[in-house]
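Hi,

Here is the structure I promised to pass on.

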Amino acid sequence: MSGAYLHGHHASVLRSHSWRTVENSAPHLIPYLRPDVRILDVGCGPGTITVDLASRVPSGFVYAIDPSPSVIETARQHAREKGVANVRFEVGDIFHWESLQGVEQGAFDVVHAHQVLQHLQDPLGAMKEMIRLTKKGGIVAVRDCDYGAMDWYPEHAGMQKWKDLYIKVALGLKAYPNMGKMLHSVAMQAGIPRGDIEASIGSWCFSTPEEREWWCGLWAERTVKSDYRQRVLDGDHASEAELEEIAAAFREMEGKEDGWFAVINGQVICHVR
């Protein structure tokens with residue numbers, strides 16, 4: 001895909017992705033999952049949403065793509081472990097779908113992307129390609145977070161520093177960290193009439209001790225060990241010491257009995273006529 005993936009595929013990143021299911025990450029899509037639908041999952045990552053989708057369309061099929069060969073192999077293994085056979089994982093991206101066997105214009109009832117457009121330099125181009133691959137009467141379902149809308153309690157200067165830094169680094173890569181609130185606009189620019197777009201919000205809230213341990217722990221690790229760290233340093237956005245300070249802030253948040261962290265996701269269903 002256009003642009004480099006900010007997070008990379010460190011274990012802390014895959015831990016986050018592997019937690020995702022249809023229920024917690026694609027609820028807007030559930031009403032459209034007829035048993036026989038054919039789905040294209042764009043930027044599928046380790047495949048937990050993909051395999052869940054496939055299990056919900058037993059007489060249908062899910063074709064999933066991701067640019068990372070190692071992540072695709074992880075997804076294939078996950079499907080084998082779950083015993084889900086009506087799914088196919090291939091290395092590829094939405095901008096070069098012509099090279100993928102079995103991917104054709106107008107071939108899918110549903111084209112789905114979760115937390116993908118925010119990382120691209122050309123989200124509009126990606127949206128146009130997703131629409132092109134959707135059959136008439138089908139839908140494009142997209143969900144992305146809005147980093148600018150993320151919030152937490154109690155207030156912490158280190159957490160604010162994290163959010164400001166992340167947005168700065170993403171913008172420096174010509175990505176769109178606040179894509180969630182723009183999805184309907186991107187769909188309109190791609191040619192979908194506003195009346196054919198269902199726009200809504202989904203949220204993740206991490207507040208129990210277990211939730212805080214998981215979310216804050218993976219972000220503390222991601223800040224100092226994933227590709228994100230190198231992006232920060234290469235762009236001279238912050239120092240190692242500042243990254244360690246941010247990681248420590250997440251660890252402090254993890255230990256707060258009244259700690260609370262909210263992630264706001266924009267989501268759209270685009271009806272292709």
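Let me start with the charged pairs: the structure holds 15 salt bridges, where a salt bridge is a side-chain nitrogen of Lys or Arg within 4 Å of a carboxyl oxygen of Asp or Glu. Before the details, two housekeeping points. This is a predicted model, so local features need pLDDT of at least 70 and side-chain atom pairs count only at pLDDT 80 or more, while totals for chains, interfaces and linings use all residues. Residues are numbered from 1 along each chain as its sequence is written, and side-chain values use heavy atoms, with hydrogens and water left out.

**Salt bridges**

One of the bridges is between the side chains of Glu23 and Arg56, at 3.5 Å from N to O. Glu23 sits in helix H2 (residues 22-25) and Arg56 in helix H3 (residues 48-56), so this pair ties together parts that are 33 residues apart in sequence. Helices here are DSSP runs of H or I with at least four residues, strands are runs of E with at least two, and both are numbered from the N terminus. Glu23 counts as exposed at 54% relative accessibility, and Arg56 counts as partly exposed at 29%. For those words, buried means under 20% relative accessible area, exposed means over 50%, and partly exposed is in between (1.4 Å probe, protein chains only).

Another bridge joins the side chains of Arg273 and Asp196, at 3.2 Å from N to O. This one links distant parts of the chain, 77 residues apart: Arg273 is in the segment after strand S8 (260-271), and Asp196 is in the loop between helix H7 (183-189) and strand S7 (197-206). Arg273 is exposed, with a relative accessible area of 59%, whereas Asp196 counts as buried at 14%.

Then there is a pair within one helix. The side chains of Glu254 and Arg251 meet at 3.0 Å, N to O. They are three residues apart in helix H10 (residues 240-255), which means about one helical turn separates them. Glu254 is buried, at 18% relative accessible area, and Arg251 is partly exposed, at 44%. Elsewhere, salt bridges that share partners join Glu73, Arg76, Arg80, Arg88 and Glu90 into one network.

What does Asp66 do for a partner, if it has no salt bridge? Asp66 is in strand S2 (residues 61-66) and is buried; the nearest side chain of opposite charge, Arg20, is 8.9 Å away. (Lys and Arg count as positive, Asp and Glu as negative, and His and the chain ends are not counted.) What Asp66 does have is a side-chain polar atom 3.0 Å from the backbone nitrogen of Gly45.

Asp109 is in strand S4 (residues 108-114) and counts as buried because its relative accessibility is 13%. A polar atom of the Asp109 side chain lies 2.7 Å from the backbone nitrogen of Arg38. The side chains of Asp109 and Lys135 are also joined by a polar contact of 3.4 Å. A polar contact is a pair of N or O atoms within 3.5 Å; within protein, one must be able to donate a hydrogen and the other to accept it, and residues adjacent in sequence count only if both atoms are side-chain atoms. Leaving out residues up to four places away in sequence, Asp109 touches Arg34, Asp36, Val37, Arg38, Thr134, Lys135, Gly138 and Ile139, with contact meaning heavy atoms within 4.5 Å.

**Cysteines**

How many disulfides are there? A search of the whole structure finds zero, taking a disulfide as a pair of cysteine sulfur atoms within 2.5 Å. For Cys205, the nearest cysteine sulfur is that of Cys216, 11 Å away. Cys205 counts as partly exposed at 38% relative accessibility, while Cys216 is buried at 1%.

**The overall picture**

The protein has ten helices and eight strands. Its radius of gyration is 18 Å, close to the 19 Å that the globule rule gives for 273 residues, so it is as compact as a globular protein of that length. That radius is taken over C-alpha atoms, and the rule is 2.2 Å times the number of residues to the power 0.38. Along its principal axes, the C-alpha trace spans about 50 × 40 × 35 Å. Buried residues make up 53% of the 273.

Cheers
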